[in-house]
Amino acid sequence: ARAVISAFGGPVVAPSANRSGRPSPTTFADAVEETGASSGAAVDGGRCAVGVESTVVSVLDGKVSLLRPGSVTREDLEAVVGPLHESDQGHRSPGRLALHYAPDAPVTINATEAPTDGILLGFGEGVGDPRWSLSPKGDLREAAANLFRLLREADRTRPSAIWVSPIPTHGLGEAINDRLRRAAGFVG
């Protein structure tokens, strides 16, 4: 990507590779599928290591607020700046629509099982079909890296719905749950 930018020699604007409201592509194939003929060129940088979008914070009037959780967690931020200010300014960040990151199939969160015509994205040892596990080990980093890829893969099978196991809310789990609430159509 740096070589392409250097060769171009001018400014580059790089929006997300997903249509508004859709699950973010985290693989080259998903990005190409999402953008199709709208993209003039593409560079394969490999799979996303984190999977969820960046953390967005606001620093206004000496107050630090978390607008969108990401891989830099609330705990990481508070270790540096102290307690975060609770803000209602989340709309100032991208990815804050009530229905966002959503596949075509309806998403149900905090599920323990799925009907036979649905898919359960499991989390943890022995939960659901291993093919559809966000993390068989119950690892939040692995779950974040797999989240959008598995939502997109599950959606391609045209299930009646996609059900997602409960995900812990601490650390990176806050960002995962934020994306899942939005994929399910909840304002978080």
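I began with strand β4 (residues 119–123), which is mostly covered, five of its five residues being buried; buried here is under 20% relative accessible area, exposed over 50% and partly exposed in between, with a 1.4 Å probe and protein chains only. Helices (H or I, at least four residues) and strands (E, at least two) are DSSP runs numbered from the N terminus. I note that this is a predicted model, in which local features need pLDDT of at least 70, side-chain atom pairs count only at pLDDT 80 or more, and totals for chains, interfaces and linings use all residues. Residues are numbered from 1 along each chain as its sequence is written, and side-chain values use heavy atoms, with hydrogens and water left out.

For pairing (at least two bridges found by DSSP between two strands), I found β4 parallel to β6 over three bridges, with leucine 120 opposite tryptophan 163. β4 also runs parallel to β5 (residues 133–135), joined by two bridges, and there glycine 122 stands opposite serine 133.

Next I checked helix α5 (residues 173–183), where ten of the eleven residues are buried, among them Glu174, Asp178 and Arg182. The elements covering these buried residues include β2 (63–68), α3 (74–81) and β6 (162–164).

Last, I turned to threonine 73, in the loop between β2 and α3, which counts as buried because its relative accessibility is 11%.

Methods: Contact means heavy atoms within 4.5 Å.
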